[in-house]
Amino acid sequence: MTTLLRIDASAQLEDRSLTRMLTGLFTSEFLAANPDARVITRDIGQDPVPAIDHRFIHAAFTPPEAREDWMAERLALSDRLIDEVEAADIILLGAPMYNYGMPAALKGWIDHIARIGRTFSFDLARGDVPIEPILKGKQLVVLSSRGEFGFEPGGPRAHLNALDPAIAACAHYLGVNAADIQTIAIEYQEFKDARHARSVATAKEAARAMAQRFGQATGKAPDNSYRAEPALVSHC
């Protein structure tokens, strides 16, 4: 069974969020092509994870066998978030561009995912590249929206794009090869003109086609033994 992990990071409500519109469309089309797939949903925009603090850092960098009870409690949410990523074959990320970068909620989620001993190992014996990813072989689809336009490589605002490079830089924590990230973005949102309407239509069609391809390609994927919290999982 293929597992799709859907993460929504927009602070907007459902009826005003373009990225939720795209992630919802992708999920529906994916399930139409692969009805046996399992979907885990995590709305970090409406239910943000708490920021990490000194207690989190202390707990995370303490070896598991030496942790006190409060440390396990402090890392419990992080463990659940990582379990969801581990379970996923495909990670679907609704990531609007806020002030040229990622939403705070998305950064907070990544901070909980980037855990020594869970998603990466650290060994100075490896020289100047001590970090090595633990998770591997996952797909990442980023569905985004941007108020302006031209953020693609070579575009007039490419130098302002702090969102896509940040996601790519952290992709190894998710078990994703940064070169394989699939990104679809709506642009011109603040202009609200014909260009925006065309961008929305183009993004919807691209998301629909991509979801169908992923669904058809994974229709006979092997079973995954992970079971997430019932409130977070939709079986279709």
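In this predicted model, the side chains of Asp 83 and Arg 118 meet in a salt bridge at 3.0 Å, N to O. Asp 83 belongs to helix 4 and Arg 118 to the loop between helix 5 and strand 4 (120–122), so the pair ties together parts that are 35 residues apart in sequence. The count of salt bridges (a side-chain nitrogen of Lys or Arg within 4 Å of a carboxyl oxygen of Asp or Glu) comes to 16.

Residues are numbered from 1 along each chain as its sequence is written. The model is predicted, with local features needing pLDDT of at least 70 and side-chain atom pairs pLDDT 80 or more, while totals for chains, interfaces and linings use all residues; side-chain values use heavy atoms, without hydrogens and water.

The axes of helix 4 (residues 76–87) and helix 5 (residues 104–113) come within 8 Å and cross at roughly 90 degrees. The two helices are therefore roughly perpendicular (65 to 115 degrees) to each other. Axes are lines fitted to C-alpha atoms over the stretch in contact, with angles from 0 to 180 degrees between N-to-C directions; helices are DSSP runs (H or I) of at least four residues, strands (E) of at least two. Contact means heavy atoms within 4.5 Å.

| Helix | Contact residues |
|---|---|
| Helix 4 | Leu 77, Ser 78, Leu 81, Ile 82, Val 85 |
| Helix 5 | Trp 109, His 112, Ile 113 |

By class, this contact has six nonpolar, two polar and no charged residues. Ala, Val, Leu, Ile, Met, Phe, Trp, Tyr, Cys and Pro count as nonpolar, Asp, Glu, Lys and Arg as charged, and the others as polar.

Terms used: Parallel < 35°, antiparallel > 145°, perpendicular 65-115°, else oblique.
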